[in-house]
Amino acid sequence: MSDLRPSTDSFSISARVRSFGYALSGIGFLLRSQHNAWIHAAATLAVIAVSVFLNISAADWRWVVAAIFMVWAAEAFNTAVERICDLVSPSPSIIVKHAKDVAAGAVLFTAISAACIGMLTLWPYLHSR
């Protein structure tokens, strides 16, 4: 139960650096293990390339960047939910299925939202060409 107590450790730079290492390790795992992450990566590169080509404004870059990272964050949370579900219930379970489906639905929501943001942001540039 000691893991549930609040940490009494003082702030340290080395602990913060290790935290970044853990986060980068998680991102690496996401990219290596999730097929949808490759789709997100391709979409990310395509949107960035189009945005650079269209020379969008800084204000529009804010929307594009927010949309991109919203989808990546949702995919990361989805992967975490899937891994935890697989750990706690290796056998088929309708409750685990629902949890995984809802997490996947959250990714779909963010991807649709990002696509809408992308269209609303980039359409004026494309339409004026």
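1. Contact here means heavy atoms within 4.5 Å. The model is a predicted one, in which local features need pLDDT of at least 70 and side-chain atom pairs count only at pLDDT 80 or more, whereas totals for chains, interfaces and linings use all residues. Residues are numbered from 1 along each chain as its sequence is written, and side-chain values use heavy atoms, with hydrogens and water left out.

2. The predictor's confidence in each residue, pLDDT, runs from 0 to 100; the protein chain averages 94, and 94% of the residues score at least 70.

3. Q34 sits in the loop between helix 1 (13-33) and helix 2 (35-54), and is buried at a relative accessible area of 15% (buried means under 20%, with a 1.4 Å probe and protein chains only). Once its neighbours within four places in sequence are set aside, Q34 is in contact with F29, E75, T79 and E82.

4. Helix 2 and helix 3 (residues 58-88) have axes that come within 11 Å and cross at roughly 175°, the axes being lines fitted to C-alpha atoms over the stretch in contact, with angles from 0 to 180 degrees between N-to-C directions. The two helices are therefore roughly antiparallel to each other, a term for angles over 145 degrees.

Methods
Helices (H or I, at least four residues) and strands (E, at least two) are DSSP runs, numbered from the N terminus. Buried means under 20% relative accessible area, exposed over 50%, partly exposed in between (1.4 Å probe, protein chains only). Angles under 35 degrees count as roughly parallel, over 145 as roughly antiparallel, 65 to 115 as roughly perpendicular and the rest as oblique.
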